[in-house]
Amino acid sequence: MHPLFKLQVKATKKKWQGTPQLKPGSMGSENSFAEVTGNTTMDSAEKRLNELGYKQELRREMTMFKTLAISFSTMTLFTGITPLYGSSLQYAGPATLVWGWIVVSFFTWFVGIAMAEICSSFPTTGSLYFWAAHLAGPKWGPFSSWCCAWLETIGLIAGIGTQAYAGSQTLQSIILLSTGTNKGGGYFTPKWLFLCMYIGLTVIWAALNTFALEVIALIDIVSIWWQLIGGLVIVIMLPLVALTTKSASFVFTHLELAPESTGVSSKPYAVILSFLVSQYSLYGYDAAAHLTEETKGADKNGPIAILGSIGIITVFGWAYILALTFSIQDFGYLYDPNNETAGAFVPAQILYDAFHGRYHNSAGAIILLFVIWGSFFFGGLSITTSAARVVYALSRDKGVPFSHLWRQLHPKYKIPSNAVWLCAAICILLGLPILKVNVVFTAITSICTIGWVGGYAVPIFARLVMSEKNFKPGPFYLGKARRPVCLVAFLWICYTCSVFLLPTLYPITWDTFNYAPVALGVGLGIIMLWWLLDARKWFTGPVRNIDIQNGMV
């Protein structure tokens, strides 16, 4: 075994055991678990956690609203739509962008409902990774959890990078407008300073995640109100401030390709690419599942947080798209490199045109851009929290090199601080090509979406094909509806992952090449090779830290 991957595997060499059984005569007894764990007052989710073979280590003190706040902050109202709005609008015009949100939202509900049912049955921090192992059964469980864990880890860490990049892009526009605009001699940050902003945001998120969980939860409570109030202000104010608004026929029916800019002349292909903004925005709701070991009544509140996040973002996201689209003043001018925002950030130009047109200054646009930037900040903070929890869970089961380091909890705050900084370091490495490559955001976005959403597919497929008698339902249960729901969800995820591998600009050159397929192919190839050559011999998936059969913790 290569020293890099030589883990402490003694605990993992026992046979995969699935859900542990109680001693004879104590099946279903809460008292038997209390005897093993030393806990006489037990939350229903903690009881289920013990049944699954895990003792309570993290603090279980988060309410449903706090969990919903973190889940919603991970999805975020602005961070998915804002950075990709301009490119998606350019592919096929406003109609496909507006109606694309509705189509993608519809299929997202199938994925969310399928995941809510599984979350209700398996309220563990490992979430997708743990679900995949137990739903796939003894034969395929280890391989399923291996694939799921690494897909999710890749997606979440790349997700930190997308927030850092888009946050830096928004800050770049704020600086430009604050110093005089592109036409007035304003300062447009060069690549080296852009990279510094990217790194700075990543480090700040990691530093904040080293404090107690209460601090993160409090910040995320601020986040949900920030986005709800800020979203309402933008959605209501922007069309009112704009001197003119586009007609309903333009917004809802106008189809316009831009082959001279995108190189895409096929209408079906342009429509597919215009949906990317919605597919990138409508995920992240699994964040609630990552926090189930820290949430009171997680078998009930976890599913509520997942579906609540989808519901809120569906409504507010569409309203935000409509507000931006109705407020466009000059469609062609948005992409002019000589405009006030250097043609670099379409939403910033829409805000500038609206406020400068009415008030002859850019103060209002700068304030609203700061609101949007705050959404990126809160989103990155929440994704860092989720990424660290996944790395912690995988390390707890000895599935990461040097697992003993990354599964350590902070002695005072009881959070996986080492895992937090590991995620931050990898995210910074992902951003280094900013200095030389112009399509970094496209690649990071594709990697993030495919990894993150692809991780959803593994447990959903396992739930689809498994025997119903082997599934112990939680309070949220689909019954006979689970097969059609899971089938639609799985097929939609496959489609989503496929389109993010497509070229987004033509002709394909080094400057326009979407290198996500290459990056993912190399990364996943190494992970699969590691499995075939070594990991399959010792990796058994989730490792229990309660031995119920012997009555020992």
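Reader: Is W530 buried or exposed?

Author: Happy to start there, keeping in mind that this is a predicted model. The relative accessible area of W530 is 9%. Buried means under 20%, so W530 counts as buried.

Reader: What kind of aromatic pair do the rings of W146 and W530 form?

Author: Their ring centres lie 4.9 Å apart, and the planes stand at 80 degrees. Planes over 60 degrees apart count as edge-to-face. The pair of W146 and W530 is therefore edge-to-face.

Reader: How many residues apart in sequence are the parts that this pair ties together?

Author: Good one to ask! W146, buried at 0% relative accessibility, lies in helix α6 (residues 128–178). W530 belongs to helix α21. The pair therefore ties together parts that are 384 residues apart in sequence.

Reader: Which residues do ring pairs link into a cluster with W146 and W530?

Author: Both tryptophans belong to a cluster linked by ring pairs.

Reader: Is α19 parallel, perpendicular or oblique to α21?

Author: The axes of α19 (residues 440–465) and α21 (residues 516–533) come within 9 Å and cross at roughly 50 degrees. Roughly parallel needs an angle under 35 degrees, and roughly perpendicular needs 65 to 115. That makes α19 oblique to α21.

Reader: How many nonpolar, polar and charged residues does the contact of α19 with α21 have?

Author: On the α19 side are A443, S446, I447 and I450, which meet A516, A519 and L520 in α21. By class, this contact has 6 nonpolar, 1 polar and no charged residues.

Terms used
Residues numbered from 1 in each chain as written. Predicted model: local features only at pLDDT ≥ 70, side-chain atom pairs only at ≥ 80, totals over all residues. Heavy atoms only, no water. Axes fitted to C-alpha atoms, helices over the stretch in contact; angles between N-to-C directions. Helix = DSSP H or I, 4+ residues; strand = E, 2+ residues; numbered from the N terminus. Parallel < 35°, antiparallel > 145°, perpendicular 65-115°, else oblique. Contact = heavy atoms within 4.5 Å. Nonpolar A, V, L, I, M, F, W, Y, C, P; charged D, E, K, R; others polar. Phe/Tyr/Trp six-rings, centres within 6.5 Å; stacked < 30°, edge-to-face > 60°. Buried < 20%, exposed > 50% of the residue type's maximum accessible area, 1.4 Å probe, protein only.
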